[in-house]
Amino acid sequence: MSRLGIEGVTKSFGRTVAVDGVSLDVGHGEFLVLLGPSGCGKSTLLRMIAGLTPLSAGRIRLDDTDITHTPPRDRDLAMVFQSYALYPHLSVARNIGFPLRARRRTRPEIRGRVAEVAEVLDLGELLERRPRELSGGQRQRVALGRALVRDPGAFLMDEPLSNLDAKLRSSTRAELTGLHRRLGSTFVYVTHDQVEAMTMATRIALLNAGRLEQVGTPAEVYDEPASVFVAGFLGSPPMNLMDARIVSRNGELRAVAQDIDVPLGIAGELPPRDVVLGVRPEHLAPAATPMLRAQVRMVENLGSDEVAHCTVGSAAVSLRGPRPLGMSTGDALGLGVAPHHIHLFDRAGGRRLT
Ligand code: ATP
């Protein structure tokens with residue numbers, strides 16, 4: 001396992017800046033997930049680490065070696081693609097052994113190593129099959145096997161689960177987490193799927209338009225989003241975000257707007273300022289002393305939970321809780337939130353204030 005250092009890495013394609021000055025350290029044995037919406041630069045960053053896309057600026061180090069200009073095959077890294085990129089005419093065994101044949105290892109060594117990897121990935125019965133004779137999940141394991149066989153310093157994975165159906169994706173997530181734990185290797189994993197990120201990552205790096213918005217453990221990015229962007233990206237539904245003004249009333253600070261009057265539990269005086277008030281849907285509940293006045297537009301049944309989609313003033317606000325919530329379309333509700341579940345962001349820059 002290796003440590004990966006990404007220092008001020010930038011990539012421009014003509015006028016498009018796909019990755020913009022990203023610096024990030026990936027520690028020994030970490031499972032780092034690069035997360036963000038389509039087009040935010042995740043794949044480009046991963047391809048630069050792999051050596052498949054040259055950098056416009058910055059450096060990449062693997063342990064103490066600068067690999068910025070090292071050809072991909074000489075980097076001690078293995079990449080797993082979304083498409084798996086298996087050779088259709090080769091058996092599973094030969095697909096897995098391919099990187100070792102390319103490095104001119106001896107036959108007995110290759111055979112032994114393929115058998116070991118097949119054991120780890122439970123592919124022993126399938127070694128003579130061709131890729132077309134495998135299910136999507138099995139192909140995905142063969143692609144992993146081909147990466148594993150070299151015992152690389154780090155694994156790079158670009159949305160490796162996106163071709164699997166929902167059920168298989170969920171079981172493969174658990175398998176990958178187990179594999180990471182057993183191998184103790186460094187993983188860098190690209191996805192736009194927040195569930196994959198939250199369940200597998202030791203740390204998440206959230207990208208927005210080529211820039212790093214926040215790096216932290218899943219709990220840190222969920223519980224203390226560093227910006228409006230992160231708050232609005234994570235969660236299902238994501239955090240409710242409402243424009244409000246902070247004012248002092250009787251020595252206490254409150255966030256106020258149309259149908260909003262939320263005591264912040266902070267004593268003090270300050271000139272009024274514009275903020276974005278953030279509250280997660282699961283932290284809102286009907287309250288005897290209402291802080292938000294909501295109109296229910298629609299209630300959605302998710303099976304175990306329900307989501308009530310409401311309006312508060314001019315903002316769309318959702319509330320999530322165990323089914324039944326006991327709310328119907330057209331209801332007028334008074335909602336409350338505990339002070340420690342209130343998030344405040346600067347209106348101008350979108351950064352977290354508290
Ligand atoms: P997705 O989840 O859709 O794969 P992504 O976050 O991986 O998106 P990238 O594929 O890294 O995003 O693309 C980042 C930006 O760079 C996009 O605007 C994309 O159009 C642009 N881009 C990527 N590769 C190239 C290329 N070879 N030539 C020109 N522009 C590119």
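**Sheet, ligand shell and domains of the predicted model**

An open sheet is built from four strands in the order β2-β1-β4-β5, with antiparallel pairing. Its edges are β2 and β5 (65-66). Each edge strand has a single partner, so one side of each is left without a neighbour in the sheet. The model is a predicted one. Within the sheet, β1 (residues 4-13) and β4 (residues 57-62) run antiparallel and are joined by five bridges. Threonine 10 stands opposite alanine 57 of β4. Helix α1 packs on this sheet and touches β1, β2 and β4. The direction of α1 makes about 120° with that of β1.

Phe13, Thr16, Ala18, Gly36, Ser38, Gly39, Cys40, Gly41, Lys42, Ser43, Thr44 and His192 surround the ligand. Two or more residues of this shell come from each of β2 (16-26) and α1 (42-50). The most are given by α1, with three residues. By class, the shell holds three nonpolar residues, eight polar residues and one charged residue.

The chain as a whole comprises eight helices and 20 strands. Its C-alpha atoms fill a box of roughly 80 × 45 × 35 Å along the principal axes. Of the 354 residues, 37% are buried. Among contacts between residues at least 6 apart in sequence, 62% join residues at least 24 apart.

The domain assignment divides the chain into domain 1 (4-233) and domain 2 (240-346). Their C-alpha centres lie 39 Å apart. Five residues from domain 1 and five residues from domain 2 take part in the contact. On the domain 1 side, the touching residues comprise three nonpolar, two polar and no charged.

Leucine 156 belongs to strand β7 (residues 154-158). This leucine counts as buried because 25 other C-beta atoms lie within 10 Å. Beyond its neighbours within four places in sequence, leucine 156 is in contact with Leu46, Ile49, Ala50, Leu77, Met79 and Val188. Valine 299 stands 143 residues from leucine 156 in sequence. Their C-alpha atoms are 41 Å apart in space.

Helix α2 (residues 92-102) has Val92, Ala93, Asn95, Ile96 and Gly97 as its buried residues. The cover over these residues includes α3 (107-120) and α4 (136-148). Arginine 104, which follows α2, has a positive phi near 55°.

With β14 (residues 273-279), β11 forms an antiparallel pair over seven bridges. Arginine 245 stands opposite aspartate 274 of β14. With β12 (residues 252-257), β11 is joined by five bridges, and the two run antiparallel. Here isoleucine 246 stands opposite alanine 255 of β12. A hairpin is formed by β11 and β12, with two residues between them. In its turn, asparagine 250 has a positive phi of about 50°.

Two further non-glycine residues with positive phi lie in loops. Aspartate 151 has a phi near 55°, a positive value in a residue other than glycine. The loop that holds aspartate 151 runs between α4 and β7. With 14 other C-beta atoms within 10 Å, aspartate 151 is partly exposed. For alanine 209, phi is also positive, near 50°, again in a residue other than glycine. Alanine 209 lies in the loop between β9 (203-208) and β10 (211-216). Its 15 C-beta neighbours inside 10 Å make alanine 209 partly exposed.

Proline 237 is placed in the loop between α8 (228-233) and β11. The loop between β18 (315-322) and β19 (332-336) contains proline 324.

Notes:
Residues numbered from 1 in each chain as written. Predicted model: local features only at pLDDT ≥ 70, side-chain atom pairs only at ≥ 80, totals over all residues. Near = placed C-beta within 6 Å. Nonpolar A, V, L, I, M, F, W, Y, C, P; charged D, E, K, R; others polar. Buried ≥ 20, exposed ≤ 12 C-beta atoms within 10 Å, placed from the backbone. Contact = placed C-beta atoms within 7 Å. Domains from an automatic or database assignment. Pairing = 2+ DSSP bridges. Axes fitted to C-alpha atoms, helices over the stretch in contact; angles between N-to-C directions.
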